[in-house]
Amino acid sequence: MSLSSVTEIDDLVRQVQSCHPEADEALLRHAYAFSAKAHEGQTRRSGEPYLQHPLAVAGILTFLKLDVTAIVAGLLHDTLEDTVATQEELQTHFGHEVAHLVEGVTKIGQIPFRTYEEKQAENFRKMLLSMADDIRVVFIKLADRLHNMRTLGHLPEDKQKQIAKETLEIYAPLANRLGMSWLKQELEDLCFQYLKTEAYSLLKLRVAKRDEERQIYVQSIIQETVDALAAAGLPGHVVGRPKHLYSIHQKMESQEITFEEVYDLAAIRIITDTKSHCYTLLGLVHSLWPPVPGRFKDYIATPRTNLYQSLHTTVLGPQGDHVEFQIRTEEMHRLAEYGVAAHWRYKEQLKVAERDEKVFSWLRQFVEWHKDLSDNRQFMDSVKLDLFHLDVFHDVVFAFTPKGEVKELPLSSTPVDFAYAIHTQVGDHCVGAKVNGKIVPLRQALASGDTVEILTSSTQVPQKEWLKFVRTSRAKAKIKHFLKGEEQKQGLELGRRLLEREFRRHQLPSAPLLQSDRLSQVAGERGYASVEEMTRMVGYGRLSAVQLVNWLVSPGEGTAKGDEAVHEVPGTALAQNPVKSVKVMGGRDVLMQLSKCCAPVPGDSILGYLTRGRGLTIHSKGCPNLEAMDYEKDRLVEVEWDMTIEEHHSVKVCVLTIDRPGVLANVSSAISDSKANISGAEITTREDQKAVLDFVIEVSNTRHLEHTLEAIGRMDGVISAKRVRGWENS
């Protein structure tokens, strides 16, 4: 059965019955009628009735040879989201199983999201959890996305690019992880068409022009291979497989080559009957043409986690061109085309057949790896990274445990990645590793074939430095999760100490107050989820201990002897702010200081970072030190400059001049005339008759700084004048 668009229910019924002769035709027609009534009056952007979309989705699911339940769910997949139909109605008409599948595919439309990214993350999180429970959810979602991509041309250009980008980053790699190569390739080519329209059109034209001569060349290789198989008496079906456009484009970009330099526009595939014949045919191919060193992959002996099996080899063809051969059995070929869908076998009560249980273990593990990530942006980054790293065949290494269990990891993975691939506890307590019997550093990259033994200690915990070299999203997620938990523990401990000290200062009993209902009441009144959260805010410096005590007791009560009573309006802080020209969005007032690494001045885009015990440190947006703190996003605070307050800020300026008398005096005069004060200076002369003048000057804002730099630049003998931040080289 070929993959063609289904436009009528009769076509669908015929195709389903060709795969499932015992299929319930009445159920299919009932689902079609229900969907038609639910979507009555709705049209797509193309103007055609909306019903054509669920019908096309059901047709794709039929091509995948899924069961009737999944096909019925495909016909109904948009009824909960886009119509007034309810889950109870679906359950009444079609049973719990169908209703459960449709609910799993349905987006979270009832929850208001602040951004598209947040909505995208929650939708994908829901789909991951649903497909771990029932893999058919993701098949329906991929069929839905494929038909939407095929009809994307009717949407506005900005929407086309948004959907294509999401598809290329998530759904195409997901199809690949499920082993559905044809689906991945079609999605990639469709995304390529909308994301880089001009490049797509040009490449399509070039491939078409070369197609005729390439076909003659490939056909000659196929014929020579067929003749060799016949002479050796070996069974095998030989076909040419043209490379899809997006893979050619990727190769041109990654290797920085032109189209004319791409020689392997097609691959040869040999499909035989047994595994042993695969290896025999490999030897035959190598006897015909010399193999290219380093371009052989044995995915039969070591299958990929998406179940893919095949032998890959690249040879020097008749004209010296690189020609790729893929050798596999019929069963391997079926699996390579349909992926996990080819292993879909259901028994009663939705139990996967025992012999196919291992097929889905990696999927459950994938969901397990990401379920701890509550931050939406971190969740999506981790999912994309995990899908992307294992998206290309040559981008993985296969390493073994001492017992011979294989672990598939991204290229350049380390023993720490390997440890987390075994189990979270093994990763958390990893202190060292032996690779092929020798102790190696934890940051050493693993190679395919390495046998790795992880050394652990009960006293070891994840280290922040590991984030600099681990490669897998699982390892990164687990390390960040642990570090965040430790930060919360430390914040809670410090907050309690600060509160106890403040209670003592007011001669109040600390232990009873920390356990009191009054403290819980204050936490609720001030919008905190718990006393612990409020106490952590004190430890982080986000909330003043003095302020919290003022909320807890009435003004004038519980004041230490000899002290003045504290009369403070709740919501204001008593902490003094060394920086007055910055205010926190939302009105909170905390201890603040400017970061030395980026030295921001009014006019720069800024962000605050809560430093435990030191209040808020103000960084420029884009500061590498700030970006490195991605696992502590909950400590980032929106801030802005208070332009009503005038302060002078120190900025480092580097001036390159010709080394001659009078230049330093001219530059100093320009700074002074610009009403900027010099608070430090260092002069370095170079052998090329130039001098570097490093100044620390005081300016009021970026406009003042730019005016000063322009004045310096106009001086005779000055080559350049620029601002220098802490992370930049002068």
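Reader: Where is the place of Gln 319?
Author: Gln 319 lies in the loop between strand 4 (311-316) and strand 5 (322-329), where helices (H or I, at least four residues) and strands (E, at least two) are DSSP runs numbered from the N terminus. This is a predicted model, in which local features need pLDDT of at least 70 and side-chain atom pairs count only at pLDDT 80 or more, while totals for chains, interfaces and linings use all residues. Residues are numbered from 1 along each chain as its sequence is written, and side-chain values use heavy atoms, with hydrogens and water left out.

Reader: Is Gln 319 buried or exposed?
Author: Gln 319 is exposed, with a relative accessible area of 58%; buried means under 20% relative accessible area, exposed means over 50%, and partly exposed is in between (1.4 Å probe, protein chains only).

Reader: And what separates the C-alpha atoms of Gln 319 and Tyr 217?
Author: Those C-alpha atoms are separated by 9.0 Å, and the two residues are 102 residues apart along the chain.

Reader: Changing topic, which strand is Thr 657 found in, and what does Thr 657 touch?
Author: Thr 657 is in strand 17, which covers residues 649-658, and this threonine is buried, with a relative accessible area of 1%. Leaving aside residues up to four places away in sequence, Thr 657 touches Val 663, Lys 690, Ala 691, Leu 693, Gly 717, Val 718 and Ile 719, a contact being heavy atoms within 4.5 Å.

Reader: What about the whole protein, how many helices and strands are there?
Author: The protein has 26 helices and 20 strands, and 51% of its 730 residues are buried. Among contacts with a separation of 6 or more, 65% are between residues 24 or more positions apart.

Reader: Okay, salt bridges next: how many does the structure hold?
Author: The structure holds 18 salt bridges, each being a side-chain nitrogen of Lys or Arg within 4 Å of a carboxyl oxygen of Asp or Glu. In general, side chains of opposite charge can pair when their charged atoms come close.

Reader: Which residue forms a salt bridge with Glu 169?
Author: The partner of Glu 169 is Lys 165, and the closest N and O atoms are 2.9 Å apart. Because they are four residues apart in helix 9 (residues 157-177), Glu 169 and Lys 165 are separated by about one helical turn. Glu 169 is partly exposed, with a relative accessible area of 25%, and Lys 165 is partly exposed too, at 45%.

Reader: And Lys 184 with Glu 188, are they buried or exposed?
Author: Both Lys 184 and Glu 188 are buried, and their side chains meet in a salt bridge of 3.7 Å, N to O. As for their position, they are four residues apart in helix 10 (residues 181-195), so about one helical turn separates them.

Reader: Which residues do salt bridges that share partners join into one network?
Author: Asp 10, Glu 25 and Arg 29 are joined in that way.

Reader: Last topic: how many aromatic pairs does the structure hold?
Author: There are seven aromatic pairs in the structure. Rings of Phe, Tyr and Trp (its six-membered ring) pair if their centres lie within 6.5 Å, and planes under 30 degrees apart count as stacked, over 60 as edge-to-face and the rest as tilted. One of the pairs, Phe 192 with Tyr 200, is edge-to-face, at 5.5 Å centre to centre and 85° between the planes. Phe 192 and Tyr 200 are both buried, and ring pairs link Phe 192, Tyr 200 and Tyr 246 into a cluster.
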